[in-house]
Amino acid sequence: MKRVITYGTFDLLHYGHINLLKRAKALGDYLIVGITSDLYDKERGKLNIRQSLAERIENVKGTGLADEIIVEEYEGQKILDIKKYQADVFAIGSDWTGKFDYLRDVCEVVYLERTRGISSTRLREKEIGIVRIGVIGSGRIASRFVVESKFVSGVNVEGVYNPHPESARNFAERHQLNFHTKSLEEFFARTDAVYIASPHTSHFEYIMGSLRNGRHVLCEKPMCLSMQECREAFGLATEKGLVLQEAVKTAYSPAFEHLALLAKSGRIGEIKDVEASFTKLIQDKQDRALNPALGGGSMNELGSYVLLPIARLLGTEVEEALFYPSVEGGVDIFTRGLLKYKKSTASFKVGLGAKTEGDMTVTGTKGYIYVPAPWWKTEYFEMRFEDFRETRKYFYKFDGDGLRYEIAAFTSNISSGNRENRYLSQEESVFMAGIIEEFGRML
């Protein structure tokens, strides 16, 4: 008897899952299906699981395809299961090609081509609750978005739009998407929501086009390059009853949310200053991030990150903004900024051509919060006081590239009908666009 084993979450069971089980079943005589536990899903950063383990087990059992169902509870269990159940073949979807090659030492490994198109209409049905996302743009961040989306239940990246057909085709093939197109009409017809990962200067146009076509929008930072554009975009989203969110991943991470709540709780007293830095070195002078025609430069590229904690902790009523940029090739390769509030101050440093420590400090009248680099991927921070014995240390998980948190919040708001973003408010997005706009006028 040839025994086959496969694994999955199998949340909101659909045709794609069923087809994968059928293909796995066809590889042998006896199919063992491992279903991930709720705790293991959390530990591996799988977000927005809609159904309990018991429900998912019943759904898989109902297909009649599994001869035996087991529960996957921890990392590394697959090898033990293969040996325990004497599996001859390990089968998994082609999304994971190469990921499980290490199992070839104990059994045959088969990557099954995932279903394209067949499940799309079924997934659109309300009872299934899957959001079909289309990606505008096909660069580095768009690729990371597709990978991160696989950790969020209730969402499927369907296709990609790019006015350059070859780029769209390569992207779709690399990520095994259902379609690629240079037609916005086709793109909107095949999606429920849009993720915008195009050059900064094109964001506003794509946001407005998506909203006018009734599509929810998650847009990379900076969402807009002016306050007026930002307000206009949010106004249209409100008018249409659609979700519009800015994708500053730090805002959605568990650690940053808890850090902000602790800082504003009064534990460190009245907040008097926020200081944050984010710099990285880009060696390729042809990189989009250094192209002034595409909205490049340190402030446009990284400003949203450092402005986020400032807006969250000190508010948006700035009395004065000062900028000290270092400019080369028409863009700022490094900028230091100072913001003056009525009772506090803030400072930041951003750079694409100069490097400094990427930490953050929140200064209070009773103590301070220190977040080591890279603070924008916060996993650990300390609350420090005059008496060092009172220091408190906080640890949190920051899974993957962090985009999964913003995707989870986006899809959750769509599914729940909640149009208010509790992680990043409209006021904060407008504020960040305004500071970036003011810098742009000065530059």
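Which element gives the most to the lining of the largest pocket? Helix 1 does, with five residues.

This is a predicted model, in which local features need pLDDT of at least 70, side-chain atom pairs count only at pLDDT 80 or more, and totals for chains, interfaces and linings use all residues. Residues are numbered from 1 along each chain as its sequence is written, and side-chain values use heavy atoms, with hydrogens and water left out.

A 1 Å grid is laid over the protein atoms alone; a cavity is a set of points where a 1.4 Å probe fits but cannot get out, while a pocket is an open set with protein on both sides within 12 Å along at least five of seven lines. Lining residues have an atom within 4 Å of a point. Grid points are joined across faces, edges and corners, and a volume is the space filled by probe spheres set on the points. Helices (H or I, at least four residues) and strands (E, at least two) are DSSP runs, numbered from the N terminus.

**Pockets and cavity**

| Space | Volume | Some lining residues |
|---|---|---|
| Largest pocket | about 1,300 Å³ | Thr 9, Lys 46, Asp 95, Trp 96 and Lys 150, nearest its centre |
| Second largest pocket | about 820 Å³ | Arg 140, Ile 141, Ala 197, Arg 288 and Glu 301, closest to its centre |
| Largest cavity | about 30 Å³ | including Pro 222, Met 223 and Cys 224 |

The largest pocket has 49 lining residues. They divide into 17 nonpolar, 19 polar and 13 charged. Here Ala, Val, Leu, Ile, Met, Phe, Trp, Tyr, Cys and Pro count as nonpolar, Asp, Glu, Lys and Arg as charged, and the others, Gly among them, as polar.

The second largest pocket is lined by 34 residues.

One cavity of 30 Å³ or more is counted. Helix 15 (residues 426-442) brings the largest share of the lining of the largest cavity, four residues.

**Strand 4**

Two strands pair if DSSP finds at least two bridges between them. Strand 1 and strand 4 pair in the parallel sense over three bridges. Val 4 has Val 89 of strand 4 as its bridge partner. Strand 5 (residues 108-112) runs parallel to strand 4, joined by five bridges. There, Ile 92 is partnered by Tyr 111 of strand 5.
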